[in-house]
Amino acid sequence: MKKCFINIPVVILIFGLVVFSGSNSFGPQECVAGDPGPIISIGTPLVKMSKKSEVVIMGTGFKPGQEISVLFVGPDGLQSDIGYALKPAPKADKTGSWITTWSAGRYVDRKLIDPKGGAYKIVVTDDEYNPIAHSAVLFQPEKKKKKKK
Amino acid sequence: MIKRKSLFFLMVFFIALSFATVIRAEPFYQGKVIKMIVTTKPGGGYDWYARLLSKYMQKYLPGSTIIVKNVPGGGHIIGTNLIYRAKPDGLTIGTFNRAVGITQVVGLKGVKFDFGKLSWLGSPCSEIYTYLVNPKMFKNLDDVLKTDKIRLAAEGLGALSYVCPLMFYQALGLENFSISTGYSGAEMEMALIRGEADGTWGSLISRQAAIDSGDARVVLLIGREKPAQFKDVPLIEEVLKDPENKPVAKLLRGLQLVGRPYAGPPGIPADRLKILREAFEKASKDPEALALAKKGNRRMDFVAWEEVDDWAKGLMELSPSIVAKLKESYGVK
């Protein structure tokens, strides 16, 4: 039998090295043990839906002075920067903490939040929209008042 | 044998290299975040289109994420400034009222953009604007123009409901009209129904219900085409046909033609701008997007970036007499 000159493993090795060299597909993942990193929490985890709905969002463990963007992930997955409706503008203080209130009434009123309510994701990012932390808020429709007979 | 072996491995090397090139030539927008600035609060027409287009542009820019950022205030000027002054890396685009370009022409304070230099993407739709009157008082435009005085309801200085009638009557050299301001879109319609006003100007789509119910009659159209329902109603260029009035007709028609324009800052690299324009056009013509627009009673008749660019550049080259008229419309001295 004629000896085949093709060394299959070598071919695969060359192919793999050339194709994947320099690719960041398998880049290192940063992970610091014991460091909880920045975390956010929602001060009003259950929000009654009305034109005056407000969501309190707060964070700790951020870099002092860090400017923060807050994104709302809508029912269709589309992300909105809700900065215009946040008071005060979120910025970490000396201790890396911040708190802000989102006037979400317009999102409720204009049905950008499902009128049936539901859980929605709030994502906190840096000013270049790199995600830092996320949490969830539950919107609940207001109960209709029963008409007196 | 050794020679054949070397030749073979060399071949494998080059094939792999070409594969690598294909793999690494990832589209620019892969993994990128695009900021879509909307110069209004959420939930209105501009926001509706921006959210729809963001969703479908993501489809045509695989791996990208589009974040809608509302920047309301200043009559669209604040947000437009932000778009204009953004880093021209193809990662910031936005939409604003089509009349915002006029604020530059008339020299309003706070304008920090050069409308003619924006990197235009196009518009998902054109608009049809109408002159609406009390049907009990007027049958057609001739009746309206011959009347002693017509009372019009408008939003405010600089709003299209104010600028359009003022420019129209100025062009015709008529003074048989008065404009009351301070109405919202829906209030203008109510003013007409209640008899507070005899006429108003507004977009066809938002006034269709009043027209269908017989509370308002269309006597003039400004837009790309004449809807079948109004085949007897003249288009503005059919009325302002004198050579001296043609620029006014062109300006007002252009304002409707560009509908809801989208642009990025000047200086976006040509290859990225091309990608953005293609994705924008595909999103504006996506069958699912068109179906959603139909369901939401929204127009979707894509306007190419070239048309918008041409209009925007033309806006910056208006004659001094038209600029003077516009300044009057905006209350600028």
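On a 1 Å grid over the protein atoms alone, a pocket is an open set of points with protein on both sides within 12 Å along at least five of seven lines, where a 1.4 Å probe fits, and its lining residues have an atom within 4 Å of a point. Grid points are joined across faces, edges and corners, and a volume is the space filled by probe spheres set on the points. The model is predicted, with pLDDT of at least 70 needed for local features and 80 or more for side-chain atom pairs, while totals for chains, interfaces and linings use all residues. Residues are numbered from 1 along each chain as its sequence is written, chains are lettered from A in the order in which they are written, and side-chain values use heavy atoms, leaving out hydrogens and water.

Helices and strands here are DSSP runs (H or I, at least four residues, for helices; E, at least two, for strands), numbered from the N terminus. On that basis, α2 and α12 (287-295) of chain B each supply at least two lining residues of this pocket, and α2(B) gives the most, with 6. The lining comprises 9 nonpolar, 4 polar and 9 charged residues, where Ala, Val, Leu, Ile, Met, Phe, Trp, Tyr, Cys and Pro count as nonpolar, Asp, Glu, Lys and Arg as charged, and the others, Gly among them, as polar.

The largest pocket contains about 1,100 Å³ of space. Among its 40 lining residues, B:Gly45, B:Tyr46, B:Asn97, B:Glu155 and B:Arg260 are the closest to the centre. Helix α7(B) gives the most to this lining, with 4 residues. By class, the lining of the largest pocket divides into 15 nonpolar, 15 polar and 10 charged residues.

Turning to the sheets, two strands are taken to pair if DSSP finds at least two bridges between them. An open sheet of 11 strands has mixed pairing and runs in the order β2(A)-β9(A)-β8(A)-β4(A)-β5(A)-β2(B)-β1(B)-β3(B)-β10(B)-β4(B)-β11(B). Because β2 (46-49) of chain A and β11 (303-304) of chain B stand at the edges with a single partner strand each, one side of each is left without a neighbour in the sheet. Within chain A, β8 (residues 118-125) and β9 (residues 131-141) pair in the antiparallel sense over 8 bridges, and A:Ala119 has A:Leu138 as its bridge partner in β9(A).

Chain A also contributes an open sheet of 4 strands, β1-β3-β7-β6, with antiparallel pairing. Here β3 (residues 54-60) and β7(A) are joined by 6 bridges, with A:Trp98 of β7(A) as the bridge partner of A:Gly59. The loop between β6 and β7 of chain A holds A:Pro88, which is joined to A:Lys87 by a cis peptide bond with omega of about -10 degrees.

Aromatic rings of Phe, Tyr and Trp (its six-membered ring) pair if their centres lie within 6.5 Å, with planes under 30 degrees apart counted as stacked, over 60 as edge-to-face and the rest as tilted. The count comes to 23 aromatic pairs over all chains. One of them, A:Trp102 with A:Phe139, is edge-to-face, at 6.2 Å centre to centre and 85 degrees between the planes. This pair links distant parts of the chain, 37 residues apart, with A:Trp102 in β7 (residues 98-103) and A:Phe139 in β9 of chain A.
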